[in-house]
Amino acid sequence: MNEDIKHLMVPEGATKYLFFGGKGGVGKTTVATATAVWFADHGYKTTIVSTDPTVSLSAMFGQEIKGDARVPIRHVSNLCGLNINPNDAKGVFLGRLNSVIGQMAGTFGSDVVSTPCMEEMATFDQFVTFLEEPDSDVIVFDTAPTGKTLRELAMPFNWAGFLQKQIQEGKKLAQMMNMGSNSFEDLERDKRRYEEALSILGNRPTAVFTLVLLPERLPIEETQSAITGLDRLGIPVQALVVNQCILPEVIEGNRFLAARAKLQARYMEEIETRFSDLKRSRLPLLDRDVSDISTLRQVGEMLYA
Ligand SMILES: Nc1ncnc2c1ncn2[C@@H]1O[C@H](COP(=O)(O)OP(=O)(O)OP(=O)(O)O)[C@@H](O)[C@H]1O
Ligand SMILES: [Mg+2]
């Protein structure tokens, strides 16, 4: 089973984009970083990108990872990290947006700037920049929880439509006001960039979207709705990693563990039937957390060896 998921992810010529999503706390960062370390250890030039506002990536590798440039990860050759902070991204993005719309401020400036989705738009904008400059064999994205990921991904659709409208209306207005239409070239370029990014996200086999879940009721339901939501955006989910599975050999007569394992077995069956068209991989519940490179390497072996 784990062999199948590996075949989806190994790059053959073109850069591979590996996305990991899922409900909060199910193990996205664990699986994404273990994947990145595994590919780097196997000789692939790898970048791990996080769009999580927390410092989880820095904490995992025990070094500061920021959003302005890729940082080589210590003790793992071939691996670089980047943490796009939505708050910083917002600044850069707003700057660009403002320079374009500044001339038209009275028309549509303030509405756009105050949209509650500004952070998602800005994060996506940074995200797109990395899709545009692939200089790695593998780029692994540790995304934020499902709902937010979906909004981020849904955003450029509205955003593209919004830009289209602004471009059309703006051009008319610009003509009336005797302004040049150069400002709109930037907007048009952004729109094209977002459309290209989405086509990369939905493009098999270049991009692989994997959801991480636990063998429990709510994560299964969330996984189902994430699959449906992403599908609507033209992004097929191709693989699942079922995390924190209790292996029979650790139960050793412990009734508590045996009861949990029994419950998990029922949900595993449900996962097998409900998601039978996706590649599936299992990761056992470990007796420790995953917070250092040697444990990440062990997790990578469990997932891909
Ligand atoms: N198989 C496992 N066995 C033991 N501990 C695990 C396992 N997988 C993940 N963990 C631990 O569970 C916690 C949550 O994992 P992680 O941070 O990877 O989840 P996440 O989905 O990225 O969370 P968030 O939604 O907050 O970003 C971490 O402390 C991690 O070490
Ligand atoms: Mg995380």
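This is a predicted model: local features need pLDDT of at least 70, side-chain atom pairs count only at pLDDT 80 or more; totals for chains, interfaces and linings use all residues.
**Ligand 1**

I started with ligand 1 and found 19 residues around it, with Lys28, Thr29, Thr30, Leu286 and Asp289 the closest.

I got 10 polar, 6 nonpolar and 3 charged residues. Helix α2 and strand β7 (237-245) each give at least two residues, and α2 has the largest share, with 3.

**The core**

The largest one has 53 residues, and the ones with the most contacts inside it are Leu18, Phe19, Ala36, Val37, Leu79 and Val140. Helix α2, which spans residues 28-41, turns up here too: its 8 residues are the largest share of this core. A general reminder I jotted down: nonpolar side chains in soluble globular proteins tend to be buried together.

What does Ala36 touch once its neighbours within four places in sequence are left aside? I found Thr46, Ile48, Leu79 and Val140.

**Val71**

Last stop was Val71, which sits in strand β3 (residues 71-72). Is Val71 buried, exposed or partly exposed? I have it down as partly exposed, because it has 18 C-beta neighbours inside 10 Å and buried would take 20 or more.

I listed its contacts as well, again skipping neighbours within four places: Val71 meets Ile65, Cys80 and Gly81. For Gly81 I also noted the C-alpha separation from Val71, which is 5.2 Å, with the two residues 10 apart along the chain.

Note on methods:
Residues are numbered from 1 along each chain as its sequence is written. Chains are lettered from A and ligands numbered from 1 in the order in which they are written. A nonpolar core is a set of buried Ala, Val, Leu, Ile, Met, Phe, Trp, Tyr and Cys residues joined through C-beta atoms within 7 Å. A residue is buried if 20 or more other C-beta atoms lie within 10 Å of its own, exposed if 12 or fewer, and partly exposed in between; C-beta atoms are placed from the backbone. Helices (H or I, at least four residues) and strands (E, at least two) are DSSP runs, numbered from the N terminus. Two residues are in contact if their C-beta atoms, placed from the backbone, lie within 7 Å. A residue is near a molecule or strand if its C-beta atom, placed from the backbone, lies within 6 Å of it. Ala, Val, Leu, Ile, Met, Phe, Trp, Tyr, Cys and Pro count as nonpolar, Asp, Glu, Lys and Arg as charged, and the others, Gly among them, as polar.
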